[in-house]
Amino acid sequence: MQGSVWRLIAGALIATSTGVGAAVSHAAAAEAQPADPKVGTWILDALRSSYGSGPAPRSLTRTVVAVGGGYRYVSDGVSASGAAMHQEITFPAADGRYYPAPGSASYDSVMMRMVDARITEASFKKGATVVSSVTIVTSADGRRQTQTTKGTGSNGVPYTDVAVFDRKP
């Protein structure tokens, strides 16, 4: 069960990104550049979500921040059993290349790529084996994200999780 909780957090962390281009002036940037639709604080809507990997957490909040050419994800929540959950991960770039991700027993490298401004794909590897893949779609209005995570549990059984997150106002 603990493995499914960490898969959930890992999947939730992958959720977000895209860069905002350079601006000539602050005023021009504010008018010409839309805000990055994936960066922000997101709250799990457990009633709209489904978890094939195990029971849904009682709560989960994910914060995504653009850092350099990549993104940092911080997730905090409470598992279905009532245990506190916390995980942080940084994707150095959203370029489709794998980068080392120390500190997890479930994976040792991560990859992120932008399909377009609203769709992010990511995957986690343990050695040469992809252990989970994630697709995150941000709604056109930027208020909701739907994250689909597919992987194989520690028991060898494939799973699909669909997590729905609402942007924190």
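Trainee: In which strand of this predicted model does Gln-145 lie?

Mentor: Gln-145 belongs to strand S10, which covers residues 144-152.

Trainee: Why is Gln-145 called buried?

Mentor: Buried means under 20% relative accessible area. Gln-145 has 0% relative accessibility, so the residue counts as buried.

Trainee: What makes the pair of Gln-145 and Arg-62 side chains a polar contact?

Mentor: The cut-off for a pair of N or O atoms is 3.5 Å. The two side chains make their contact at 2.4 Å, which is within that limit, and therefore the pair qualifies.

Trainee: Which residue is the bridge partner of Arg-62?

Mentor: Arg-62, in S3, is the bridge partner of Trp-42. In S11, the partner of Trp-42 is Arg-167.

Trainee: How do you know that strand S1 pairs with S3 and with S11?

Mentor: Pairing requires at least two bridges. S1 (residues 40-44) and S3 (residues 59-67) share four bridges, so they pair, in the antiparallel sense. S1 and S11 (residues 158-167) share three bridges, so they also pair in the antiparallel sense.

Conventions
Residues are numbered from 1 along each chain as its sequence is written. This is a predicted model: local features need pLDDT of at least 70, side-chain atom pairs count only at pLDDT 80 or more; totals for chains, interfaces and linings use all residues. Side-chain values use heavy atoms; hydrogens and water are left out. Helices (H or I, at least four residues) and strands (E, at least two) are DSSP runs, numbered from the N terminus. Buried means under 20% relative accessible area, exposed over 50%, partly exposed in between (1.4 Å probe, protein chains only). A polar contact is a pair of N or O atoms within 3.5 Å; within protein, one must be able to donate a hydrogen and the other to accept it, and residues adjacent in sequence count only if both atoms are side-chain atoms.
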